Amino acid sequence: MTLALALLLCMFLGTHGFNTQLVIEPQPNFDTEKFAGEWYRIGLADESLLFAMFKNQLKVSKGLLLPDAMGNVNLTMWTMRPYGCSISVYSYEKTDVPGEFTYFSKRHKITKDITIVETNYTDYSLVLKYKNMDKEYTQIALYGRSSILRPDLIQIFRSFALSLGFSEEAIVTPTDVDPCPILEPSQLWIQTLGYIYSVLLNIWGRVFVLTQTIIGEMQHYNASSM
C-alpha cells in the first residue's frame with residue numbers, strides 16, 4: 001500500500017495514531033494559587049465522534065478556578081443554553097504530583113486525570129485530560145487569561161496537539177465568544193457568589209436525598225415494629 005493510499009484510507013475511516021511514546025509531565029514547580037482565577041477556553045482538541053458532531057458549535061467559554069484549603073480546585077464554567085446561562089461546577093482532587101489532578105467523569109463513568117502541561121500563569125495554559133491517550137476520553141484544552149485568540153498561543157496549542165497525534169480536523173479554535181456570564185469582568189465577586197450558590201445547591205440536594213432515605217428507613221422500621 002502506498003503512502004498516499006494509506007493517508008486516504010485514514011481520512012476515510014477517520015482513524016489516526018496517538019503518540020504514546022511521548023512522556024507527558026506537568027508544569028515544573030506548579031503553583032495552584034498563581035493558577036487560580038479567570039480563564040477562557042480558547043482551543044480544544046478532541047478525536048471523539050461526539051465532538052466531531054458538535055465542534056462547529058464550540059465557542060470561547062469562560063471559567064473561574066478556585067483552590068480550596070486542601071489543595072483541590074473547583075472550576076466553574078458558563079455556557080449559553082436556550083433557557084439562558086448554564087453553570088457547570090467541576091471538582092478536581094489533587095494528587096501527589098503538583099500540577100496533576102483527578103476527577104470522576106459523570107458522562108463516561110470513569111476517573112480521569114488532568115495534567116497542567118504548560119502555563120506561564122499570566123497568558124495561557126495547556127491542559128491534558130486523560131494521559132492514557134484514548135480517542136473517546138483524551139482532550140487537550142488551551143486556556144487564556146483573555147478571550148482574544150493570539151496567534152502565538154494558537155501555534156503552541158496546535159503544535160502540542162499535533163505532536164500527540166491529534167488530527168487537524170480534531171483541533172478547534174473557535175472565534176465566537178460565549179456571552180455567559182453576562183457580567184462585567186470586574187464583578188468577580190458576583191461570579192464567586194454564583195459558584196457558592198451552585199455548591200450549596202449541590203449539598204442541599206445530597207442532604208435532601210439522605211433525609212428522604214432516613215425517613216423511609218424509619219417508616220419501614222416503625223411499620224415492621226407494629
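Me: Hi! Where is P181 found, going by the strands and helices around it?
Reply: Hi! This is a predicted model, and in it P181 is found in the loop between strand 9 (171-172) and helix 5 (188-225).

Me: And what is the peptide bond from C180 to P181 like, cis or trans?
Reply: That bond is cis, with omega near -10°. As background, most peptide bonds are trans.

Me: OK, staying with C180: which residue does a disulfide join to it?
Reply: C85 is the partner, and the S to S distance is 2.0 Å. A disulfide is a covalent bond between the sulfur atoms of two cysteines.

Me: Is the link of C85 and C180 left-handed or right-handed?
Reply: Left-handed, with -90° about the S-S bond.

Me: How many disulfides are there by count?
Reply: The count comes to one disulfide.

Me: Is C180 buried or exposed? 
Reply: C180 is buried, with a relative accessible area of 2%. C85 is partly exposed, at 32%.

Me: Where does Y130 lie?
Reply: Look at the loop between strand 7 (124-129) and strand 8 (139-144). M133 has its place in the loop between strand 7 and strand 8 too, and its phi is also a positive value, near 55°.

Me: Why does M133 count as buried?
Reply: Because its relative accessibility is 11%, and buried means under 20%. Y130 is buried as well, with a relative accessible area of 14%.

Me: Which residue forms an aromatic pair with Y130? I'd like to know about the rings in general, too.
Reply: Let's start with the whole structure, where a search finds seven aromatic pairs. One of them is F35 with W39, a tilted pair at 5.1 Å centre to centre and 35° between the planes. Your Y130 pairs with Y137, and that pair is edge-to-face: 5.3 Å centre to centre, with 80° between the planes. Y137 is partly exposed, with a relative accessible area of 22%.

Me: Are F35 and W39 buried or exposed?
Reply: F35 is buried at 6% relative accessible area, and W39 is buried at 4%.

Me: Which residues do ring pairs link into a cluster?
Reply: The cluster holds F30, F35, W39, F101 and Y121.

Me: Last topic: strand 2. Which way does strand 1 run against strand 2, parallel or antiparallel?
Reply: Strand 1 (residues 37-46) and strand 2 run antiparallel, joined by five bridges. Within that pairing, Y40 stands opposite K62 in strand 2.

Me: And how many bridges join strand 2 to strand 3?
Reply: Five bridges, and these two strands run antiparallel. For an example to find on screen, G63 stands opposite M77 in strand 3.

Me: What do strand 2 and strand 3 form?
Reply: They form a hairpin with five residues between them. G71 in the turn has a positive phi of about 95°.

Me: Why is strand 2 largely enclosed by the rest of the structure?
Reply: Because five of the seven residues of strand 2 (residues 61-67) are buried.

Methods:
Residues numbered from 1 in each chain as written. Predicted model: local features only at pLDDT ≥ 70, side-chain atom pairs only at ≥ 80, totals over all residues. Heavy atoms only, no water. Helix = DSSP H or I, 4+ residues; strand = E, 2+ residues; numbered from the N terminus. Buried < 20%, exposed > 50% of the residue type's maximum accessible area, 1.4 Å probe, protein only. Disulfide = S-S within 2.5 Å. Pairing = 2+ DSSP bridges. Phe/Tyr/Trp six-rings, centres within 6.5 Å; stacked < 30°, edge-to-face > 60°.
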